Amino acid sequence: FAKSGLRSPVLFRSAEEAVVGSVSGLLDFSPQSVSNLVWSFAKTETFAPHTFAAVESALFERRLDDFKPQEIANTAWAFSKAGMDSG
C-alpha cells in the first residue's frame with residue numbers, strides 16, 4: 001500500500017491496534033518487519049504516535065546489532081519523517 005501511494009485508514013488502524021496492544025509482540029517482528037512497519041506509516045503520512053511509541057519501546061528491548069544498516073536508516077528516516085522525537 002505505502003509504495004503504491006494508496007492509503008487505507010482501516011488497514012493502518014488495524015495495524016496500530018495490533019502493535020500498540022502488544023509491545024512484546026513487536027519483539028517477535030524481524031528487524032526488517034519493524035523497519036517496514038514504521039516506514040509504511042511515515043511514507044503514507046499516517047499519523048500514528050502510539051505505533052511509533054510502541055516501536056521505540058520495543059527497540060530499547062532489542063539489540064540493534066540485529067539490524068542491518070539499511071533497516072536502521074529506514075527506521076530513523078521514518079521517525080524523522082513522522083516528526084517523532086524521543087528526546
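Helix 3 (residues 31-43) packs against helix 5 (residues 69-81) at an angle of about 30 degrees, with 8 Å between their axes. The axes are lines fitted to C-alpha atoms over the stretch in contact, with angles running from 0 to 180 degrees between N-to-C directions. This is a predicted model, where local features need pLDDT of at least 70 and side-chain atom pairs count only at pLDDT 80 or more, while totals for chains, interfaces and linings use all residues. Residues are numbered from 1 along each chain as its sequence is written, and side-chain values use heavy atoms, leaving out hydrogens and water.

**The helix 3 and helix 5 pair**
- Helix 3 and helix 5 are therefore roughly parallel to each other (angles under 35 degrees count as such).
- Their crossing is left-handed (the near helix is turned anticlockwise from the far one by less than a right angle).
- On the helix 3 side, the residues in contact (heavy atoms within 4.5 Å) include Pro31, Val38 and Trp39, and on the helix 5 side they include Trp77, Ala78 and Phe79.
- By class, this contact has seven nonpolar, four polar and three charged residues (Ala, Val, Leu, Ile, Met, Phe, Trp, Tyr, Cys and Pro are nonpolar, Asp, Glu, Lys and Arg charged, the others, Gly among them, polar).

**The whole chain**
- The protein chain has five helices and zero strands (DSSP runs: H or I of at least four residues for helices, E of at least two for strands, numbered from the N terminus).
- Of its 87 residues, 33% count as buried (under 20% relative accessible area, 1.4 Å probe, protein chains only).
- Among contacts between residues at least 6 apart in sequence, 76% join residues at least 24 apart.

Note on methods:
Buried < 20%, exposed > 50% of the residue type's maximum accessible area, 1.4 Å probe, protein only. Parallel < 35°, antiparallel > 145°, perpendicular 65-115°, else oblique.
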